[in-house]
Amino acid sequence: MRHLVILGGGTGGTMMANKLAPVLDEHEWQITIVDSTDKHYYQPGFLFVPFGMYRLREIVKPRSQFLPEGVKVVIAGVDHIDTDKNAVFLGDNSVLKYDYLIVATGADIHPEQTEGLMDEEWGKSKFDFYTPHGADRLGKFLKGWQGGKLVVNIAEMPIKCPVAPLEFLFLADAYFTERGMRDKVDLHLVTPLSGAFTKPKASEILGDFLERKKITVTPDFGLGRVDSKERKIIAWDDTEVGYDLLVSIPTNMGDACIERSGLGNELNFLATDKETLLAEGHENIFVLGDATNLPSSKAGSVVHFQSEILLENFLEHVDKRPMPARFDGHTNCFIESGFGKGLLIDFNYKTEPLPGEFPLPGVGPFTLLGESSINHYGKLMFRWVYWNLLLRGLELPIGSAMSMAGKRA
Ligand SMILES: Cc1cc2nc3c(=O)[nH]c(=O)nc-3n(C[C@H](O)[C@H](O)[C@H](O)COP(=O)(O)OP(=O)(O)OC[C@H]3O[C@@H](n4cnc5c(N)ncnc54)[C@H](O)[C@@H]3O)c2cc1C
């Protein structure tokens, strides 16, 4: 038997198990998937929880429900990988030997990385919405909040879903307007980027949106520390921004098991070949999703496109044939803009998000970098697509390679 071990049963790990189980010969291959919990959260849903649009129980399901028969599921924490021994050491001291490994351990927030962020005010005047508990607690707080200066701060890049902080502000604008108290709330984005987004055209268009919605942007702000008593965030260059309510997107990092294995960079992200998805320097380890150090966005859509590339490459590589597929950095993201509308961006390593129609030129139905109700419904539909198609490894009508059809340069 050959052993394939998949680390992480989130978006990427689950998709890979579902794609590989039907095509690998069960008499030749044993697939094992490891995750520390049996709870699978639909993470894009965290955005809607603070505004009462989703409840936590509506965005969580048992992980095992999405894993195919014949795949061995191990619920345990990964302590570390020993690449010399081709072995994964689990928290309960058991060991899994592998011939091939797929790492899909994702990324998580680390507020403890910033001085003064995680103190007794965490959960009182400072919140996150990147975790189920954080999003839920912030929702309860917002219900009774009387207004003031709400600052959304990105501690440092990269973060999961880089548009989520903007979406949070757009939804906050709509939420407080609908509650008749928008004039009592001062909305701010404080970001280490030089504008609203990582790419110039999208940054300009999204920057206009923020301005129109009276959301102030402080760019180029490298967070150094937080002063909870004075309620201010302080940059490395001593620039200060005060707040009444801080919604933080803390430092995002890969899992500590990557660091313990000596495989990560300073943020525990794993060096990955940007086209083949093979771990750099390791011929029997593939990586996908948020765990990689790739310059593509950390987003579910990216994981989906990568899973198609990884499938093709894995099947050839294990039989010592050249890998045929190349990941082009394709990313596709709906952006909620509030009041039942949304935008869509579609880009890759080489092409920045451009305006136009998607997926069909002149027809759409989705609008690229333009606001529409259809885009909003696309975003809401994504939850159904996630549970029913994406995780199950089924084909979607959008190819893993980005297309220029419908885009206007
Ligand atoms: C607020 C928010 C909004 C988002 N919105 C969007 C969106 O609109 N569109 C979009 O495409 N994407 C969005 N995303 C991003 C998307 O959810 C992630 O990019 C995607 O889930 C990453 O998949 P992954 O498999 O790499 O990691 P995950 O799905 O996070 O899976 C990692 C798994 O590894 C497990 N694990 C980690 N370490 C260990 C260990 N040591 N031992 C055992 N198990 C371990 C974890 O328990 C987890 O189950 C959003 C994310 C957030 C937080």
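# Ligand shell, buried elements and cysteines

Cys257 is buried, with a relative accessible area of 1%, where buried means under 20% relative accessible area, exposed over 50% and partly exposed in between (1.4 Å probe, protein chains only). The structure is a predicted model, in which local features need pLDDT of at least 70 and side-chain atom pairs count only at pLDDT 80 or more, while totals for chains, interfaces and linings use all residues. Residues are numbered from 1 along each chain as its sequence is written, and side-chain values use heavy atoms, with hydrogens and water left out.

**Ligand surroundings**

- The ligand is surrounded by 29 residues, the closest being Thr11, Gly12, Asp35, Val78 and Gly300; a residue is near the ligand if one of its heavy atoms lies within 4 Å of it.
- By residue class, this shell divides into eleven nonpolar, twelve polar and six charged residues, with Ala, Val, Leu, Ile, Met, Phe, Trp, Tyr, Cys and Pro counted as nonpolar, Asp, Glu, Lys and Arg as charged, and the others, Gly among them, as polar.
- The protein covers 92% of the 1000 Å² of accessible area that the ligand has on its own, an area that comes from the Shrake-Rupley method with a 1.4 Å probe.
- Helix 1 (11-20) and helix 6 (300-317) are the elements that give two or more residues to the shell, and the largest share, three residues, comes from helix 6; helices (H or I, at least four residues) and strands (E, at least two) are DSSP runs, numbered from the N terminus.

**Helix 1**

- Because ten of its ten residues are buried, helix 1 is largely enclosed by the rest of the structure; among these buried residues are Thr11 and Gly12, which also belong to the closest residues around the ligand.
- The buried residues of helix 1 pack against strand 1 (2-7), strand 2 (29-35), strand 3 (39-41), strand 9 (100-103), helix 6 and helix 7 (373-390), a contact being heavy atoms within 4.5 Å.

- Ile233 is found in strand 16 (residues 232-235) and counts as buried at 0% relative accessibility.
- Leaving aside neighbours within four places in sequence, Ile233 is in contact with residues including Val151, Asn153, Leu223, Arg225, Val226 and Tyr243; the C-alpha atoms of Ile233 and Asn153 are 8.7 Å apart, although the two residues are 80 residues apart in sequence.
- Thr114, in the loop between strand 10 (107-109) and strand 11 (126-127), is buried at 7% relative accessibility, and its contacts, with neighbours within four places in sequence left aside, are Ala155, Leu223, Gly224, Arg225, Val226 and Thr251.

**Pro295**

- Pro295 lies in the loop between strand 20 (285-287) and helix 6 and, at 60% relative accessibility, counts as exposed.
- Not counting residues up to four places away in sequence, Pro295 touches Lys274 and Tyr349; Tyr349 is 54 residues away along the chain, with 7.5 Å between the C-alpha atoms.

**Cysteines**

- A search of the whole structure finds zero disulfides, a disulfide being a pair of cysteine sulfur atoms within 2.5 Å.
- The sulfur of Cys161 has its closest cysteine sulfur in Cys333, at 4.8 Å, which is too far for a bond, and Cys161 counts as partly exposed at 21% relative accessibility.
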